[in-house]
Amino acid sequence: MKLSYQWLKEYVNINVSAEELAKELTMSGSEVEAIEEVGGDKVMSLEITSNRPDCLNIIGLAREASAVFDTDLHLPSMEIPAKEARAKGPRVECIIKNNDLCPCYTARVITGVQVQEASDRIKKHILAVSLRPVNNVVDVTNFCLMEMGQPLHAFDLDKIEGDKIIIRGAVKSEKIVTIDGEERELRPGMLVIADSKRPIAIAGIMGGKDTEVTGSTKTILLESAYFNPISIRQTARALGLASDSSYRFERGVDKGMIARASDRSASIIAEETGGKICEFYDAGKSDIEKKVIEFDIEKAGKMLGERLEKKQVERIFQRLGMTVSGRGSKNLSVGIPTFREDLKNQVDLVEEVARIYGYHNVPATMTKFIPQVKRKEHPRKVLEKLYETLSAAGLNEIMTYSLISEATSTRFSSIAKDTVSLKNPLSEEQKILTPQLLDGMLRAISWNINRKNKDLGFFEIGKIYSCARGKEFSEVPALSIGLSGTLRSNWQEGERGANFYDLKGILEKTLKVLRLSADFSRMQIDFLASCAGVKLEGDGQHIGFLGEVSTKLLNEYDIDQPVYICQIKLDEILEKSVLTNRYHAVARFPSSSRDISILCDKALASAEIRKTILESGEEIIRQVKLLDVYEGEQIPPDKRSLSYGIDYGLDTRTLTDEEVEAVHSKIKEALIKQFKVGFR
Amino acid sequence: MEILNKLDKIKKDFEKVLAKCRDIKTLEEIRIKFTGRKGELTNVLRSLADLAAEEKREAGKVANTLKNEFLERLKELKESLESDAGEKGAGIDVTLPGIEPRVGTLHPITSTTKRINEIFISLGFRIAEGPEIESEFYNFEALNIPLDHPSRDAFDTFYIDDKYLLRSHTSNVQVHVMQNQAPPFQVIMPGRVYRPDAVDASHSFMFHQVEGLMVDKDVKFSDLKGVLSIFCKSMFGEDIKMRLRPHFFPFTEPSAEVDISCIICKGEGCRVCSGNGWLEILGAGMVNPKVFEAVGYDPDKYTGFAFGMGVERIAMLLYGIEDIRLFYENDIRFLRQFK
């Protein structure tokens, strides 16, 4: 909304600069975003919130200024001067076919108009608010729109077929060429103004080209009406056509202004064009209810945290155009003017008082403390621990978009079906709610590698989304980790590239911190090489996987170095993690350590060996640690050597050498028996 | 006396090897060689048995003195060697760079959300969360945002189907919280939200919010001011000024937009604050009784306040980030700056 400072001053006595006015309007709710100098005038751009259509005109803003500065408002005369005797003109009948969408319609005939350039006064005003002068009839309707907020439309009556103006819903495939020259196809249900043959305007949005006022127009029909805001909004959106008029109708115009705006604009048109004001026709009724809100001053003060004086409150209401009655000291009956449909109850009036009184004048107080037990705290604490552990492990957290393209989504379709897609995406690139975090991770890795930053350790904690047919939408928190390039590098030890075991180690350590342990087993996923599935110990379901990204997938992301990646669903982890464990006594008796070097088939999983060692250890094993893995010289090509260090001990006494040896031998025998291993 | 010459020679030998000794191991060898059970001095002392009593006493005295002297010298050198003044530190160039452990980072949105949460938690608020895929009821209707109303313009929304959408604000959680809990309570609701805005330096179709809600008997507008003032000062510094401007939100009445004095120019006016000295950072207000009605609270019994802010906005101000897209590019040179 544009506001001319000079124009405003025609209606209200204020003695402040435009800048001061802008500040006060802003602080009372009509935010001034910019002020510019236009031909000696100051023109402000305001952001008027959708609840305040009454501020979408100069008089409305003058009323705000009068309340803020506590000064009188001078409204122009809305009556047709008596000297303008009603002339006789052509007869018109207005017929409303759809009362819900148009409760009230008025039309006035003005004859003998001479269409030409408007007077300087009118032009100056509409130019100040960035409207383009057209001719004296159109300019006056625009002037009145800006002044009073009532959209008006002038038809060339001679071009209207028949003597009936029909307000009806459009019929199927009905068309109209609007004033902007565009042909528009209307949908049934869209409200139109029609003559006996065709639509002559899209109600409240734009008039038709056929009946527009031109230089040769002699007789005009001036429309002033009220249209249903929802209907106008839907039609404007469907047609992709918005106007100053539709903007106001959508928000609701002042029902009390319809006839008066017609009168005032007719007077000015007559003045500007030398026309004669003829009959005024109306249909429907603008059923104006007199709305009164009982206002409890004490309650309002309690809500604001500030004692309110009755006098002050009354004054604010009156300046804002409300009527006030009620003799008690606590209650007021506040009559709400027709232009304030947004005011419906006590709290709405509290805001009126507060914003004119000034939010800055309300004190700042402190709430009383509400003791509350922390609810659902465990998963959040686990998440915090996760963030802590992963960043302490040297990883950088990333954050990626949860909307991805369909094409991207299909790259991972082997692990993520049942995707959720948007009905109205912004673009194809952001259409699917991501069912995995790998795409985001690979994008981040690619972005950096392509900017010559090749050593990367990333993690993301985000949600993955899905919806199985016939089921509810699911949003599950998940973790992804991506490693690529050199993990450790310094001048002493040189460089070492990240590998599968680095990633597995981070996962194992993280789970250990949360006092969980997982089983890793070989798994096949089409876009991963050397892939392992992850299950929580004692659980049947995979919670995730890790592995090296296949060359094919790397190529899709323009990555030319190995990438190790994992994705773990967190829902179960957040539930099962143990943050506060019971203390376990530190061993008081020393351990005996024995090393064992096993020569076995390469294909034999180390987890099997470990399991056998533990099972044969008769519960005197404190720890089994893998010391070395060797393949190569002195070892047959299909074999490898695994060396373990085993610590034996009891909590109750020191073990004798004989006891340790006996168990150690038993372990060796079990290994030979089960896996036919040799020892080195 | 031949034996005295011998002792003299031992002394000279001792001095010679000791002067060359640079480590504890050699020192120990020297000790054994000269003063050990089979060492040179012991050998000399043993040979005294063959001498006359007079000579024996004199030579014995010299030999013992020498032994004590040797032991003393060995002890001195040992202490000196153990203090590592020599060999051990010799190869260190203290100006070479140290070997730093790898330390990761948290994303600035994560850490900013955490900072915001912590301030409110310290004021007694508790965290609540809710779904991103939401029904129209929770995102709009219960919050007094009717269908086809211009108030929805501010909340353009991604739809999944006719009923479900991606929440356009975290206010949906307010409704869930109120449906599941009776007052009094104070909650904050962090989360991810979506709006179909084309991406540019200041817009993103996905961003993060933290909302707050307090409901009790007699919660006041002035309380809202108090709480937000503590938040602003805790977040941006004690000398920050805050102002509330009337605004419109369907779910609050009265409603306000909250500005802080520009943290760059301290209110003088600069590019960041578009020259007016103020930065808008929050929306807030008293919970609209219609929202209470929608969740089954008695609006005559309870009042409450709500507020909401964009985490990206706060982080951008806090760290001086000028392009919102940086948060989602995940450039390591960007990420590394946030410890």
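## Domain organisation

Chain B is divided into domain 1, covering residues 2-90, and domain 2, covering residues 108-335. In this predicted model, the centres of domain 1 and domain 2 of chain B, taken over C-alpha atoms, are separated by 84 Å.

Chain A is divided into domain 1 (2-68), domain 2 (93-284), domain 3 (292-359), domain 4 (377-576) and domain 5 (592-679). Between the centres of domain 2 and domain 5 of chain A, again over C-alpha atoms, the separation is 94 Å.

## Overall form of chain A

Chain A contains 19 helices and 33 strands. Its radius of gyration is 40 Å, well over the 26 Å that the globule rule gives for 680 residues, so chain A is more spread out than a compact globule. Along the principal axes, the C-alpha atoms of chain A fill a box of roughly 130 × 60 × 50 Å.

Of the 680 residues in chain A, 41% are buried. Among the contacts in chain A with a separation of 6 or more, 68% are between residues 24 or more positions apart.

## Interface between the chains

The contact between the two chains involves 66 residues of chain B and 71 residues of chain A. On the side of chain B that touches chain A, helix H9 (residues 221-236) of chain B gives the most, with 7 residues. The residues on this side of chain B divide into 33 nonpolar, 14 polar and 19 charged.

In soluble globular proteins, nonpolar side chains tend to be buried together. The largest nonpolar core here has 237 residues, of which A:Leu8, A:Ile110, A:Val192, A:Ala203, A:Ile220 and B:Leu228 touch the most other members. Helix H5 (residues 136-148) of chain A supplies the largest share of this core, 8 residues. Not counting residues up to four places away in sequence, A:Leu8 touches A:Leu3, A:Ile58, A:Leu61, A:Ala62 and A:Ala65.

A:Ala201 belongs to strand S11 (residues 199-202) of chain A. A:Ala201 has 25 other C-beta atoms within 10 Å and is therefore buried, the threshold being 20 or more. Leaving aside neighbours within four places in sequence, the contacts of A:Ala201 are A:His153, A:Val192, A:Ile193, A:Met206, A:Gly207 and A:Gly208. From A:Ala201 to A:Glu212, 11 residues apart in sequence, the C-alpha to C-alpha distance is 9.5 Å.

## A three-stranded sheet

An open sheet of 3 strands in chain A has the order S19-S21-S20, with antiparallel pairing. Strand S19 (403-404) and strand S20 (420-421) of chain A are the edge strands, each pairing on one side only. Strand S20 of chain A pairs with strand S21 (residues 432-433) of chain A over 2 bridges in the antiparallel sense. Within this pairing, A:Leu433 in S21 of chain A is the bridge partner of A:Val420.

## Backbone details

Two cis peptide bonds in chain B may be noted. One joins B:Pro183 and B:Pro184, with omega about 0°; B:Pro184 lies in the loop between helix H8 (171-180) and strand S4 (185-194) of chain B. Another runs from B:Glu253 to B:Pro254, with omega near -5°, and B:Pro254 is located in strand S7 (residues 252-261) of chain B.

A:Ser173, although not a glycine, has a positive phi of about 55°. A:Ser173 lies in the loop between strand S7 (164-169) and strand S8 (175-177) of chain A, and counts as exposed because it has 9 C-beta neighbours inside 10 Å. A:Asp558, also not a glycine, has a positive phi of about 60°. The loop between helix H16 (551-556) and strand S29 (563-569) of chain A holds A:Asp558, which counts as exposed with 11 C-beta neighbours inside 10 Å.

How values were computed
Residues numbered from 1 in each chain as written. Chains lettered and ligands numbered in written order. Predicted model: local features only at pLDDT ≥ 70, side-chain atom pairs only at ≥ 80, totals over all residues. Pairing = 2+ DSSP bridges. Helix = DSSP H or I, 4+ residues; strand = E, 2+ residues; numbered from the N terminus. Domains from an automatic or database assignment. Rg over C-alpha atoms; globule rule 2.2 N^0.38 Å. Buried ≥ 20, exposed ≤ 12 C-beta atoms within 10 Å, placed from the backbone. Contact = placed C-beta atoms within 7 Å. Nonpolar A, V, L, I, M, F, W, Y, C, P; charged D, E, K, R; others polar. Core = buried A, V, L, I, M, F, W, Y, C linked by C-beta atoms within 7 Å.
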